[in-house]
Structure formats: C-alpha cells, structure tokens
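Here is a short report on one protein chain. Look at the sequence and the 3D structure first, then read on.

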Amino acid sequence: MVEPYLTLTLERFRMSDGSDPNATDPEPDVNISGGSAGGGVDASFDVHASFDPETAGTLAEAVVDRLGELYWQKAYGGRDGFECLVRTILSQNTSDVASQPAHDALVERYGPTEELAASLVDAPHDELAETISGAGLYNQKAESIHRAASWVLEEFGSTPAFDAYVRDGDPDEVRERLLGVKGVGPKTADCVLLFAGGQGGVFPVDTHVHRIYRRMGIAPPDADHEGVREVLERSVPAAKCGFGHTATIQFGREYCTARKPACLDDPEACPLADVCDQVGVYPETGEVEDPSEATDPSEAAD
Ligand code: SF4
C-alpha cells in the first residue's frame, strides 16, 4: 500500500527509466559492511526479481530499487557480532578509509576474532589507543572498545556466546541491550544487527541516510535519526533495508554530498533528481542548508 503523502512523487518516479539493472558495480572494499573482504553477498537470488521501481509500494522502496539499479544488490548478515561492534565503534565520526586499517591492525594484534573480547579486556589502554590511532578519537574509542569487551565477558562469558546472541536473539532486545553500553548509539547498534545479526528490516541511519531522505521529502525535514529510521523501516521491505543503507551511503558520497549536491549546478547530474523535493537545496542561489532549517513553502506563500 502506498503511503498517501508519497503518492504524488511516486508517480513522478515511475515515469523515469533506470540504468541497466544487470550492471555490476562492485561494492567498495572499504565499505563498513564488508571491509577488505567485500561487503555482503549477492542478493540477486533473493530479491533481484522485486528490485523494480515500477512495482514499488512506496516512494522509499522505489528509491531503494533505483539505487539497486545504480549500484549493487546485496544481502547482509553472518559477520561475527563482537568484531562488527568493534568495527562500527572504530568507524564513528570518521571515514571507512581511515577506520578500516585501524580495524585490521586491531584484529592482527588482538585476534583471533573468537578471543577478541578477552584479548581486548587485557590490552593496556595506551597500546590499544596507539593501535587504532588511524581511526581518530583513539582515546575515546579505546575506552569504548574496552568497555564493550568487559560488558561482553561479564554478560555473555565469551566472544562466541555474544556472537550467537546477536545472531539468534530477539532483535529488539539485542538492540536495547547494546544501547545500554556507553559508546554504543543507535547507528552502531543497528549496524551490528544488520551486518552480524542479518536481521531483515534494519535500516541503520548514518549522516548520509539522515540527510538524503529528508532532502528527498521522504522523511519529515525535522526528523531526527530515529524518526528517519522509523519512516524507512516502515516503507522499505525488510529484505532490502540493509542494501538500502549501504547503497544510500554510496549515493551520498557520489551525488548527494552534504555541501555540494550534484543538482546544485546541474539538475541533470543527479540520477534521482526526478524523485527529489530538494528540501534545503537552492540551485538558483547555490545555497544548501539542513532540511530542518528549510523554509516551509506554505509559510513562504503567506
Ligand atoms: S536532486 Fe540534489 S538533493 Fe536531491 S538527491 Fe539528487 S543531489 Fe540530492
């Protein structure tokens, strides 16, 4: 069923033609979802047939389908939960390019991954901070990782026991418990659920996702991260949420950047321009502002 306030724009979307759905554009090997081993697995057997903007039930699903034509169609899950938690903490407030080497150095020094929590609990703070220094905020991140490792051992007894809990536990309960650990916010908890738990229906909201879906007019302009997540998880089928997360990040890097979205100089430069409300983007003046600060068109008309 199409959400009423999305119907008009969805009609606009259906008039566009997408790129070759069979095109392969490999996921960057530095994406947080997969690290240097590559992200996710080919989802074509599961959901490819339904990656069709023409049959999407909501505008958000249609956008995700269109991203599927533009980038890749992957399914996620199956990674080790604690390693994923550490990886996501390292990625906070930095790029994957910076956090990936820090992750690799940490695993090399404190692995194997099934003993990671026990090794990290015993790691001297300065040594751990130095090991992950490339990821930035290394003192703070070392403390968060120490805290998470202690929590895992106290609550679950071992790294594999925690990994099994993330994989098999009730996703809402896993999320709630993760959020109770200082240094673990909603995005980190959702990334662990998505990439380690393989829980369908989890659409982590990072800065790109938060910006883009409010700019497009899919989420309310003043929605916080949780508000955007609720809209997306309600509007996008569970099997496509993880894919939507990673592909939207790529789209945010390539086209809809924070300060200079592609449409600013050339409306034709953005492949999703036909479905975007450009909230807070003003090509006529070259200005960009956060959607929450954008002028309400109804007020402007008064
Ligand atoms: S049209 Fe502009 S604001 Fe909208 S998605 Fe494309 S680049 Fe972003």
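## The whole chain

Among contacts in the chain between residues at least 6 apart in sequence, what percentage join residues at least 24 apart? The figure is 69%. Keep in mind that this model is predicted.

The chain contains 15 helices and 4 strands. It has 302 residues, and 42% of them count as buried.

## Helix 3

Helix 3 covers residues 59-70. How far apart are its end C-alpha atoms? They are 16 Å apart. At 1.5 Å a residue, the 12 residues of helix 3 should span 16 Å, so the two values agree.

Now look at its surroundings. The buried residues include Leu 59, Val 63, Leu 67 and Leu 70. Charged side chains are on the list too, among them Glu 61, Asp 65, Arg 66 and Glu 69.

## Val 63

Is Val 63 buried or exposed? Val 63 is buried, because 29 other C-beta atoms lie within 10 Å, and the cut-off for buried is 20 or more.

Leaving aside neighbours within four places in sequence, Val 63 is in contact with Met 216, Ile 218, Leu 272 and Val 275. Cys 276 is 213 residues away from Val 63 along the chain, yet their C-alpha atoms are separated by 9.7 Å.

How values were computed
Residues are numbered from 1 along each chain as its sequence is written. This is a predicted model: local features need pLDDT of at least 70, side-chain atom pairs count only at pLDDT 80 or more; totals for chains, interfaces and linings use all residues. Helices (H or I, at least four residues) and strands (E, at least two) are DSSP runs, numbered from the N terminus. A residue is buried if 20 or more other C-beta atoms lie within 10 Å of its own, exposed if 12 or fewer, and partly exposed in between; C-beta atoms are placed from the backbone. Two residues are in contact if their C-beta atoms, placed from the backbone, lie within 7 Å. The expected span of a helix is 1.5 Å times one less than its number of residues.
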